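Colleague: I would like to go through this model and hear the grounds for each term you use. Please show it first.

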Amino acid sequence: MNKDELIAKLKPIIAPYVQDEEAFKNLTEDTDFVNDLKINSANLVDIILDIEDEFNIRLENEDMEQMLNVRSAMAIVTSKLNS
Amino acid sequence: MTTEELLHLLPYEDPFLFVDGIDNISESRVTGHYTFKQDAFFYEGHFKDNPITPGVILTECMAQIGLVCLGIYLLADELNKTKQPQIALTASQMDFYLPVLPGEKVTVVSEKEVFRFNKLKCNVKMLNKKEELVAKGLISGMLKV
């Protein structure tokens, strides 16, 4: 799966929890879940659980702590898919 | 943890405590009950000359029993007198079917859907004395020690 395909899969997972729609429209790899999209910690958990279902992977506490922006989310998903 | 100890750890008190007792509790589900006081403060205004328990109070009762009691039970190993749980309600989706009048006893049954990364999400229902469904829905909160 290339980067564009991965972003295309992540966007609909993130969309329901976004508070700042404008930032979501301009989403890039540098978009920060909390600071840019204004996603709260409870919804960040929802995103993690939805990512697990979508990609059939299991994420741990340390993955959650690292998953701050789109880039880190992509890196974690990619490494889990390859392991 | 006994249910007595659990009730002592609840961070509520009158007039906003809506748990009388826990009937049974496990890692996956909890059943508890509450009897609404005839003279509860909210009956004065809801509604004028026609006291009915507000849906928001039913939801609160369901959250206190279904989410907070279960959450404290799940965190029991990490809690003690100086370590209280931090609690925040984060989402609720509720359907209401029957009114609850002053003095009515209700039973709340909650089943854990997920508890991960400090987020507890439960399917919760409330039954009246005749075991009729009063309300049901999904409640989520964040809980950590």
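Colleague: What makes β3(B) and β6(B) a pair of strands?

Modeller: In this predicted model, 10 bridges join β3(B) to β6(B), residues 133–144 of chain B, and the two run antiparallel. Pairing asks for at least two bridges, so 10 bridges settle the matter. Within this pair, B:Asp95 stands opposite B:Lys136 of β6(B), and B:Met94 stands opposite B:Gly137 of β6(B).

Colleague: How do you know that β5(B) also pairs with β6(B)?

Modeller: By the bridges again: 9 of them join β5(B) to β6(B), in antiparallel fashion. The requirement is at least two, so β5(B) and β6(B) count as paired. B:Met126 stands opposite B:Ala135 in β6(B). The hairpin of β5(B) and β6(B) has 5 residues between the strands, and B:Glu131 takes a positive phi there, near 65 degrees.

Colleague: Why are β1 and β3 of chain B called edge strands?

Modeller: The open sheet has 6 strands in the order β1-β2-β4-β5-β6-β3 (chain B), paired antiparallel. β1 (21–25) and β3 (86–96) each have a single partner strand, so one side of each has no neighbour in the sheet. Direction ignored, neighbouring strands are turned by 20 degrees against each other on average.

Colleague: Which helix lies across these strands, and at what angle to β4(B)?

Modeller: Helix α2 of chain B, residues 55–74, lies across β1, β2 (29–35), β3, β4 (105–116), β5 (119–127) and β6 of chain B, and runs at about 50 degrees to β4(B).

Colleague: Turning to chain A, why is α1(A) called roughly perpendicular to α5(A)?

Modeller: The axes of α1 (residues 3–14) and α5 (residues 70–82) of chain A cross at roughly 105 degrees and come within 11 Å. The term covers 65 to 115 degrees, so α1(A) is roughly perpendicular to α5(A). The contact is made by A:Lys3, A:Leu6, A:Ile7 and A:Leu10 of α1(A) with A:Val70, A:Ala73, A:Met74 and A:Val77 of α5(A). These residues divide into 7 nonpolar, no polar and 1 charged.

Colleague: How many residues does each chain bring to the contact between A and B?

Modeller: Chain A gives 7 residues and chain B gives 8 residues. On the side of chain A, α3 (41–55) and α4 each supply at least two residues, and the largest share, 5 residues, comes from α3(A). That side divides into 5 nonpolar, 2 polar and no charged.

Colleague: What is the confidence in chain A?

Modeller: Chain A averages a pLDDT of 95, and 100% of its residues score at least 70. Confidence is lowest in α4 of chain A (residues 61–66), at a mean of 92, and highest in α2 of chain A (residues 21–25), at 96.

Colleague: What does the UniProt record annotate in chain A?

Modeller: The unreviewed UniProt entry annotates residues 1–81 of chain A as "domain: Carrier". Over residues 1–81 of chain A, the chain is 62% helix and 0% strand, with the end C-alpha atoms 10 Å apart.

How values were computed. Residues are numbered from 1 along each chain as its sequence is written. Chains are lettered from A and ligands numbered from 1 in the order in which they are written. This is a predicted model: local features need pLDDT of at least 70, side-chain atom pairs count only at pLDDT 80 or more; totals for chains, interfaces and linings use all residues. pLDDT is the predictor's confidence in each residue, from 0 to 100. Helices (H or I, at least four residues) and strands (E, at least two) are DSSP runs, numbered from the N terminus. Two residues are in contact if their C-beta atoms, placed from the backbone, lie within 7 Å. Ala, Val, Leu, Ile, Met, Phe, Trp, Tyr, Cys and Pro count as nonpolar, Asp, Glu, Lys and Arg as charged, and the others, Gly among them, as polar. UniProt positions are given in the numbering used here, feature names are shortened, and annotations may be inferred rather than shown by experiment. Axes are lines fitted to C-alpha atoms, for helices over the stretch in contact, and angles run from 0 to 180 degrees between N-to-C directions. Angles under 35 degrees count as roughly parallel, over 145 as roughly antiparallel, 65 to 115 as roughly perpendicular and the rest as oblique.
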